[in-house]
Amino acid sequence: MESAALSDEPSLVEAARSGDPEAFAELVARHQKMVHDVTYRMTGSQADAADVAQEAFIRAWRELDRFRGEGEFGAWIHRIALNTALNWLKAIRRRGDLHRRWAESDTGPDVDREGLAGRVLAALDRLDPDARAAIVLTVYEGLNHAQAAQVLGCAETTVSWRIWRARRRLKAILSGPADREGRTP
Amino acid sequence: MTDPELDRLLKSVHPPGRDADYWTAFPGETARRARTQRFVKERRPMGRRWFVVLAAALPLLLAGVFLLGRVQGRRERIEPAELSAALRIVSELSTLFPGRIEAVVFEPSGPRIVLNESGSAPGRQPLLIKVCSGGVCRTAVTFSGGRLRLGGEDLEVLARGDHDVMVLGRSFGWTTGQPQDVRGLRLAGQVLEDPL
């Protein structure tokens with residue numbers, strides 16, 4: 001596999017841009033773990049995280065011409081993954097089936113839905129999508145408010161406001177007792 | 001619960017692991033699907049796609065214009081619930097950005113905060129104004145002398161006496177008690193009694 005032998009990322013991006021699927025597969029292999037982490041934090045479901053991760057990579061493939069190569073490919077695909085997951089979350093919110101989805105969701109074999117991990121995921125599910133994205137970027141990804149604002153395409157003060165509101169909501173949910181179904185108030 | 005305690009709690013949950021076969025298969029499968037999607041995308045004629053989008057959007061646009069017109073006709077008062085919600089949010093934001101809030105604009109998409117750079121407390125009379133333009137209404141809490149952009153107009157908002165609000169635009173002046181329709185805008189204002 002000639003393209004996979006290319007070690008530097010700009011060469012892989014260039015090869016993928018000219019339509020080389022093996023170069024693109026190599027880029028996917030390099031960033032798939034990070035992208036799956038982001039989509040899992042946003043969706044709270046292992047199956048949905050896989051679907052959204054694949055959708056994000058396909059979107060990246062379609063938009064490779066727009067990647068100017070000025071920054072890191074990883075940062076670019078991270079931004080696409082976050083926004084793809086955000087749009088996905090907003091779409092299922094519009095359909096109003098989030099709580100049904102939570103009841104049926106496949107959080108993964110390591111997650112005890114009645115335990116702490118389950119409660120944290122349930123609490124994140126009860127945030128609005130924009131607030132959840134702000135928490136994922138700042139708490140889990142370690143971005144500051146200005147960097148998160150850049151990823152989300154909004155003002156820094158908007159991110160600060162969303163985080164403040166999300167923290168208040170998460171504290172209220174996670175401080176309360178879990179109900180019989182493992183959900184919190 | 002403090003912020004660091006919350007962060008520790010959130011970070012205690014890690015994404016579940018997947019087996020090695022999944023990570024081996026995912027790149028190839030994704031690249032295969034991507035190639036198919038690109039092919040489908042390139043085959044669809046651009047002109048026809050735009051036609052379909054426009055044809056689908058036109059009835060929605062017409063319905064939207066009709067509904068917005070109706071909403072504009074209704075939203076000319078500052079409702080008590082709206083007032084108390086605005087006060088509560090501004091009061092909470094004051095603790096988050098002490099002495100830096102110049103205005104809080106309640107957009108249809110959510111609150112937008114306007115901060116002053118100096119960080120000095122305004123110490124002026126808080127005012128609530130509502131501006132409707134093109135069927136969309138925006139409410140803002142600001143302070144006497146505050147300048148903000150609402151409904152496409154640069155406005156200066158002033159307290160006049162104990163009860164009246166004066167709004168100065170580039171080409172008009174308006175005070176509470178006057179007819180609400182001014183230069184394509186519909187205005188309402190109220191002096192806030194509660195200290196922020």
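In chain B of this predicted model, strand E6 (residues 153-160) is joined to strand E7 by five bridges, and the two run antiparallel. Strands here are DSSP runs (E) of at least two residues and helices are DSSP runs (H or I) of at least four, both numbered from the N terminus; two strands pair if DSSP finds at least two bridges between them. B:Arg160 has B:Asp164 of E7(B) as its bridge partner. The two strands form a hairpin with three residues between them, and B:Gly161 in the turn has a positive phi of about 70°. Residues are numbered from 1 along each chain as its sequence is written, and chains are lettered from A and ligands numbered from 1 in the order in which they are written. Local features need pLDDT of at least 70 and side-chain atom pairs count only at pLDDT 80 or more, whereas totals for chains, interfaces and linings use all residues.

Together, four strands of chain B form an open antiparallel sheet in the order E5-E6-E7-E8. Strand E5 (146-150) and E8 of chain B stand at the edges with a single partner strand each, so one side of each is left without a neighbour in the sheet. The twist averages 25° from one strand to the next, with axes taken as lines fitted to C-alpha atoms (for helices over the stretch in contact) and angles running from 0 to 180 degrees between N-to-C directions.

In a regular strand the side chains alternate between the two faces of the sheet. Strand E7 (residues 164-168) of chain B has B:Val165 and B:Val167 on its covered face, and B:Asp164, B:Met166 and B:Leu168 on the uncovered one.

Chain B as a whole contains four helices and ten strands. Of its 196 residues, 21% count as buried, a residue being buried if 20 or more other C-beta atoms, placed from the backbone, lie within 10 Å of its own, exposed if 12 or fewer, and partly exposed in between.

In chain A, A:Trp161 lies in helix H9 (residues 156-175). A:Trp161 counts as buried because 25 C-beta neighbours lie inside 10 Å.
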